[in-house]
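The following paragraphs guide a reader through one protein chain, element by element. Please keep the sequence and the three-dimensional view at hand while reading.

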Amino acid sequence: MHKISLKDWVVLLTIVPTALIAFGLAGYFSYNRSIELDEFLNLRAQSIIEPLAITSKAALVSNNRETLRSVVSAAHRSQSSLVKSIAIFTLDNQIFVTSAYHGDTNLMRLKAGEKLPTFTRSEHFDDFIIFRTPIIEEKMANEHEPISLGYIAIHIDKSRIKFKQQSQYIIAFTMAFLAVLLSSIFALKLIKNVAKPINSMVHAIDRIREGKLESRVSGQLVGELNFLKNGINAMAQSLGNYQNEMQGSIDQATIDLRESLEQYEIQNVELSIAKKKAQDANKIKSEFLANMSHELRTPLNGVIGFTRQVLKTPLSDSQRDYLQTIDRSANNLLTIINDILDFSKLDAGKMSIESIPFSLRESLEESLTLLAPSAHKKELELSIKMANSIPDSLLGDAMRIKQIMSNLVSNAIKFTQQGSIVIDVTFNVINAKRAAIKITVTDTGIGMNSEQQKTIFKAFAQADQSITRLYGGTGLGLVICQRLAFEMKGDIGFNSREKNGSIFWFNFECGVNTLSIAGELDHLRLANKSILYYDPHPHSRKATYDILLNWQMQVTEVKSKNELNDILQHANVNFDYALIGHDRTATALSDLKKIIEQVKPQIANVHLAINSNSPSLQDALIASGALSCLSKPITANKLYSALLAEPESLSELNKQILPIKVLAVDDNEANLKLINALLLEQVSEVVLADNGMKALELCQSENFALIFMDIQMPIMDGISTLKAIRNNSYNEQTPIIAVTAHALSGEKEKMQKQGFNAYMTKPIDETMLSHIIYEYCDVNYYINSAQLNTTSKQAKPIITPLANMTKIIDWPLALKRTGGKEILAKEMLTGLIESLSDNKQHISNALRKEDHKELKRLIHKLNGSCCYTGVPSLSIICQELETQLKKETSLDNLEPEFLEFFEQIERVLAQAPKVLAELDEQVT
């Protein structure tokens with residue numbers, strides 16, 4: 001690459017800019033002057049022609065040529081330097097008068113067919129301009145427009161103007177050329193006086209650089225060049241001196257480098273600290289968002305709860321519609337808050353995955369039961385198919401699995417207008433204790449294009465903005481599902497084509513529970529029974545067919561109505577059951593009635609399955625002869641219950657009672673009674689204590705295999721008792737399980753840090769209780785005992801007239817809480833009712849005295865009693881009050897909750913005599 005020399009730089013920085021500026025200014029001002037002269041010419045011509053048009057009007061009206069000729073001649077003479085000719089034309093484009101008859105009047109005349117001008121117009125030629133303006137008679141009183149009498153034309157000469165313009169250009173560019181010439185002279189002088197001495201200095205510096213330190217710059221120079229010469233010579237002199245000091249300078253540079261490295265190390269440490277602070281700040285932000293989302297749910301739950309309470313009262317149609325709108329909107333907002341809470345927890349790393357026993361089939365069926373009405377509204381076919389080999393008793397987080405499942409199915413329903421949504425569940429065995437489950441959701445909806453698929457797993461994003469407006473949503477659902485799947489050691493994915501539906505799947509790992517879940521179906525009752533099964537949908541038909549085959553039933557599968565008619569026409573048709581699947585269509589009722597009429601004479605037990613949850617439709621079909629009408633999807637539990645025409649039959653394993661002693665500690669008498677009954681079903685001996693001090697005394701005198709400890713108790717609370725037992729008793733190594741009626745967020749981790757081995761919340765779940773005993777006691781003995789006795793027995797259904805009792809006192813719930821033990825449930829309910837009046841009085845006194853501590857103790861005790869006695873409304877308000885009291889919420893802010901609390905007590909007391917009387921009648 002060619003280097004630009006100093007001489008070249010002088011030329012570039014002096015002559016070239018001067019030339020550009022000079023010629024630019026010359027061109028600019030010359031052009032402006034030319035424009036100004038043209039504008040002057042136009043204005044001058046208009047100032048001549050327009051007055052002449054006004055002056056000529058009267059003479060033209062009177063047809064006075066002599067007067068007009070004298071006027072235009074005078075105007076021509078006065079402007080002879082500019083005007084070459086003036087002519088006046090009549091309306092028929094004939095010349096009326098001209099100032100110069102030797103001129104070319106045809107140039108001034110309008111061309112044939114050209115309209116008479118209504119204002120002054122100009123026509124430009126190279127050397128002249130023709131201006132024309134109309135001669136107008138102003139409008140009369142009875143006229144709407146002015147009258148044109150003719151027009152006047154002026155021939156303007158441009159030669160003088162063009163000469164001035166050319167002169168201007170010549171003068172301007174001549175001056176620019178002289179400026180460039182002068183600049184060139186100065187530049188050459190500068191090159192001579194500066195560039196040559198500098199070149200000599202460059203050569204001297206090159207010699208010094210080569211090591212010839214004796215080299216010097218010579219010659220007589222002036223000004224700064226002389227200073228530069230002296231500086232170079234002094235530099236050469238100094239280099240010789242500096243060479244001797246080089247080693248010392250190197251040593252000093254080494255010291256400085258070491259100090260710099262130490263400084264860099266300090267800066268790196270400071271940067272690491274700053275980075276950690278930034279990460280901590282980000283974590284605090286995420287935790288704040290998670291906590292705030294959690295706090296928002298409390299008032300929103302109050303809105304939803306009280307809205308539903310008001311909906312139970314007599315209302316007008318408009319009021320009910322308004323309240324239902326509030327309820328739907330609040331639930332939508334709650335869903336959004338829950339999504340944000342889950343997203344924040346995942347982002348902050350606070351999301352923990354549980355590992356508790358659960359039934360996979362029951363969990364998935366619960367999710368689909370809640371989502372089915374949405375699918376039925378769109379007349380979509382919803383079905384689920386699970387391999388019979390999939391283990392049902394698993395260890396994992398059922399709530400998170402249902403959350404992912406519900407999100408995928410609800411999205412499929414949302415984006416599918418017609419067709420079907422099918423769910424397939426498969427699994428792979430990892431080892432004897434672990435299994436990988438895969439759930440696939442396939443729909444026939446709108447699908448997605450390639451661009452939409454790229455953003456599907458981005459937070460706060462939808463596949464398309466128009467979809468966001470049409471279908472709504474936060475765009476967090478799939479992001480949360482993906483993170484939850486990762487947390488469960490799984491993954492999530494999809495396959496989609498625009499307008500051809502989508503396939504979403506997710507998989508996860510979970511443990512295989514060696515204990516079977518109580519409540520498995522006794523399918524042997526249906527073994528060898530024959531059934532005629534018809535369903536037009538292949539997936540639904542295959543799923544139900546597998547269930548029936550697994551029950552060892554003799555299934556005749558029918559794929560079409562024609563095939564069904566052929567079978568029914570045979571005289572030897574003999575089936576125990578008939579199961580007919582059908583779509584909800586405009587003619588569904590009449591079609592199914594015809595099928596029932598056709599099937600009923602030959603098969604007595606006719607059952608229907610339709611994609612509708614309409615009670616009126618189901619009642620109409622049952623009235624037509626069907627024994628039952630199931631709402632799709634068909635699940636094993638629903639089908640089993642329908643075929644046997646009784647509540648779901650359950651079979652449970654006869655368990656060997658473990659020969660161990662267990663201590664249960666609780667200050668609530670009802671809770672002690674219940675946990676004693678539940679434990680005695682699984683262990684040989686249970687010792688009870690109603691406070692921490694008594695529990696400590698028992699632990700100091702005897703040894704226990706397990707201790708179940710309530711947290712909040714009088715005299716000595718559960719945590720203090722735990723520490724005392726660990727420090728001084730025979731049970732220092734005994735597993736101690738924390739049991740409480742209410743748990744705030746993070747309390748489980750708090751209890752574990754205090755030293756508790758495990759954590760249980762009330763109401764106590766029997767499956768969870770069995771799992772804890774299984775985990776902390778003699779496992780091998782427990783398993784061996786279970787294998788010795790595998791005889792199943794059919795659990796008798798509990799049929800009671802109280803099954804439809806109001807939810808003020810829910811007797812079926814009370815039976816469920818006590819494991820189906822009617823006597824125990826009645827005793828606990830009676831005990832609660834007898835204590836309610838006293839509890840109400842004590843709580844009123846504490847509220848009046850604003851005794852926050854005493855209120856917390858009384859509400860906690862009553863909450864524990866409500867967990868097992870079937871009073872759901874009272875239990876809910878007790879839990880809410882205990883939560884707020886633990887958060888130190890002021891009593892003034894809790895006034896609405898306490899009003900609701902006392903109202904629920906009054907309702908329970910009012911309903912109690914009737915319930916107890918019916919219970920006494922049932923016993924007798």
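Helix α27, residues 872–886, has 15 residues and reaches 21 Å from its first C-alpha to its last, close to the 21 Å expected at 1.5 Å a residue; the expected span is 1.5 Å times one less than the number of residues. Helices (H or I, at least four residues) and strands (E, at least two) are DSSP runs, numbered from the N terminus. This is a predicted model, in which local features need pLDDT of at least 70 and side-chain atom pairs count only at pLDDT 80 or more, while totals for chains, interfaces and linings use all residues. Residues are numbered from 1 along each chain as its sequence is written, and side-chain values use heavy atoms, with hydrogens and water left out.

Helix α27 is mostly covered, with 11 of its 15 residues buried; buried means under 20% relative accessible area, exposed over 50%, and partly exposed in between, with a 1.4 Å probe and protein chains only. Among the buried residues of α27 are Pro872, Leu874, Ile877, Cys878, Leu881 and Leu885, but also Glu882 and Gln884. After the helix comes Glu888, whose phi is positive, near 60°.

The chain as a whole contains 28 helices and 24 strands. Of its 924 residues, 42% count as buried. The chain exposes about 49400 Å², of which carbon and sulfur atoms supply 54%; accessible areas come from the Shrake-Rupley method with a 1.4 Å probe, and for residues only the protein chains shown count as cover. Among contacts with a separation of 6 or more, 68% join residues 24 or more positions apart, a contact being heavy atoms within 4.5 Å.

One part of the chain to examine is an open sheet of five strands with parallel pairing, in the order β14-β13-β15-β16-β17. Two strands pair if DSSP finds at least two bridges between them. Strands β14 (554–558) and β17 (628–631) stand at the edges with a single partner strand each, so one side of each has no neighbour in the sheet. Neighbouring strands of this sheet are turned by 20° against each other on average, direction ignored.

Within this sheet, β15 (residues 577–582) and β16 (residues 605–610) pair in the parallel sense over six bridges, and Leu579 stands opposite His607 in β16. Strand β15 also pairs with β13, in the parallel sense over four bridges; there, Tyr577 in β15 is the bridge partner of Ile531. In a regular strand the side chains alternate between the two faces of the sheet. Both faces of β15 are covered: Tyr577, Leu579 and Gly581 are buried on one side, and Ala578, Ile580 and His582 on the other.

Helix α17 (residues 636–644) lies across β13 (530–534), β15, β16 and β17, running at about 175° to β17. For such values, axes are lines fitted to C-alpha atoms, for helices over the stretch in contact, and angles run from 0 to 180 degrees between N-to-C directions.

Asn513 is found in the loop between β12 (502–512) and β13. Is this residue buried or exposed? At 10% relative accessibility, Asn513 counts as buried. Not counting residues up to four places away in sequence, Asn513 touches Pro357, Ser393, Leu394, Leu395 and His771.

Another open sheet of five strands has antiparallel pairing and the order β2-β1-β5-β4-β3. Here β2 (95–98) and β3 (121–124) are the edge strands, each with a single partner strand, so one side of each is left without a neighbour in the sheet. The twist averages 20° from one strand to the next. Strands β1 (residues 83–90) and β5 (residues 147–157) pair in the antiparallel sense over seven bridges, and the bridge partner of Phe89 in β5 is Tyr151.

The axes of α4 (residues 159–209) and α5 (residues 223–244) come within 11 Å and cross at roughly 5°. This makes α4 roughly parallel to α5; angles under 35 degrees count as roughly parallel, over 145 as roughly antiparallel, 65 to 115 as roughly perpendicular and the rest as oblique. Residues making the contact include Val194, Ile198, Met201 and Ile205 of α4 and Leu228, Ile232, Met235 and Leu239 of α5.
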